[in-house]
Amino acid sequence: MDINLTIIGQTIAMIVFVWFCMKFIWPPMIQAIEERQSAIASGIAAGEKGQRELAEARDGAEKILQEARQKATQIVDVAQRRSGEIVAEAKDVAVSEGERLVAAARSEAVNESARARSLLQQEVASLAIAGAGQLLGREVDAKAHAALLDQLAAEILNQAGKRG
Amino acid sequence: MAAEGHSAGEYIAHHLQNLTVCRVDGQWVWNECHGNFYAINVDSMFFSVVLGLVFLTLFRMVAVRATRGVPGRLQAVIEMTVGFVDQSVRETFHGDSKLIAPLALTLFVWVFFMNLMDLIPVDWLPGTAALIGVPYLKVVPTTDVNITFAMALSVFVLIVFYSIKIKGIGGFAKELTLQPFNHWAAIPFNLVLEGVSLLAKPISLSLRLFGNLYAGELIFILIALMGLWQLPFHFIWAVFHILIIVLQAFIFMMLTIVYLSLAHEGH
């Protein structure tokens, strides 16, 4: 309990320790702590920035996606319209082609019947001449009575036509 | 446990006796130095210097290897301590001083380490020392009033030094004489008042630490006298004492900061 030289010794020890701490411990410790603090702060800032950018990128992607969707819908619409048109055109072409074919067949039939009629007329005329020749007992000059014969043949055909 | 043939009083007295060396009549004398100023408490000096070196080595080691990357466990603990002291200093002390913060750190950790010796069971180190022929050993330096007074007086010197440095001798003298009553007739009264308050700072600073630790140590010794029944009591008191040793180290550091910041700011 006595006060003695220990007090001096302890004072000297304390001065030395505080000096050492001030010189060799405090500055590097504080520097390390402050450097880490700023590193952590910048890290947090970078993280926040990254998150913000990510959100922005998400928004951008969403927008692009929407545009793409719209465009796709438009394209589908156009294609549908176009296909409708093509189908309609094809229908038109087919109808007109059909009509053309029908018309051609009809005119062919008309031609055929006309030819058949003229053939028949000639045949009937020759038959009539032959018949008349036998009736008259002599050769009928087909050339001399051509007009008469033709008229006769036409009449017969008409009669036949009326009956048949 | 009290040794055979010793009374409880002798046991306690033995535990509270420093290992002292002094020079009498040209010869080194052990433990016969009552009233002799030129004596050294070898145990107090030894443990305080060793613990101070432990503090310096530990912190220096970490400081050298300190990285700004992810700290290890030890570095984290040391940095927490440093950060805690730094924050305490920043909150209280607003001047610009390169000394205050390292001073506060040294005092805090050093006093804490010295207090920590109190948790070592009271007979271990003195018992071991007795086996190798050392008659007395007081292992807690802060239960030696010399140790606490030395630190408090150093702080006191710093208080006076900074008071004069910041305010000048005139300013410091004015602070001592013209407060609290600013009238020439009140100067003696003020001087007594302020003088007492100034001198009370180191005395209260050192006696608070000394008293707490001395009382704590004494109770540990008393508990140790109980024989086998000491175990639960020792445990309870040790747990409570953990609070005390940290708190006293913190109070010592905090008051040092407060006194020095007062010396810087004035009224």
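Visitor: In α2(B), which residues are buried?

Guide: Buried means under 20% relative accessible area, with exposed over 50% and partly exposed in between (1.4 Å probe, protein chains only). In α2(B), the buried residues are D43(B), S44(B), M45(B), F47(B), S48(B), L51(B), G52(B), F55(B), L56(B), F59(B), V62(B) and A63(B). This is a predicted model: local features need pLDDT of at least 70, side-chain atom pairs count only at pLDDT 80 or more, and totals for chains, interfaces and linings use all residues. Residues are numbered from 1 along each chain as its sequence is written, chains are lettered from A and ligands numbered from 1 in the order in which they are written, and side-chain values use heavy atoms, leaving out hydrogens and water.

Visitor: What covers the buried residues of α2(B)?

Guide: Helices (H or I, at least four residues) and strands (E, at least two) are DSSP runs, numbered from the N terminus. The cover includes α1 of chain A, and from chain B β3 (39-41), α3 (73-92), α4, α5 (124-131) and α6 (145-177).

Visitor: What should the 24 residues of α2(B) span?

Guide: The expected span is 1.5 Å times one less than the number of residues. For α2(B) (residues 42-65) that gives 34 Å, and the end C-alpha atoms are 34 Å apart, which agrees.

Visitor: At what angle do the axes of α1(A) and α4(B) cross?

Guide: Axes are lines fitted to C-alpha atoms, for helices over the stretch in contact, and angles run from 0 to 180 degrees between N-to-C directions. Helix α1 (residues 6-136) of chain A and helix α4 (residues 100-116) of chain B cross at roughly 120°, their axes coming within 9 Å. Angles under 35 degrees count as roughly parallel, over 145 as roughly antiparallel, 65 to 115 as roughly perpendicular and the rest as oblique. So α1(A) is oblique to α4(B).

Visitor: Which residues of α1(A) and α4(B) meet?

Guide: Contact means heavy atoms within 4.5 Å. Among them are F17(A) and W26(A) in α1(A), and L103(B) and W110(B) in α4(B).

Visitor: Is H241(B) buried or exposed?

Guide: H241(B) lies in helix α8 (residues 230-265) of chain B. At 0% relative accessibility, H241(B) counts as buried. H241(B) touches D118(B), L119(B), L213(B), G216(B) and F220(B), not counting residues up to four places away in sequence.

Visitor: What is phi of N31(B) near?

Guide: Most residues other than glycine have a negative phi. Phi of N31(B) is near 60°, a positive value. N31(B) sits in the loop between β2 (27-30) and β3 of chain B. At 19% relative accessibility, N31(B) counts as buried.
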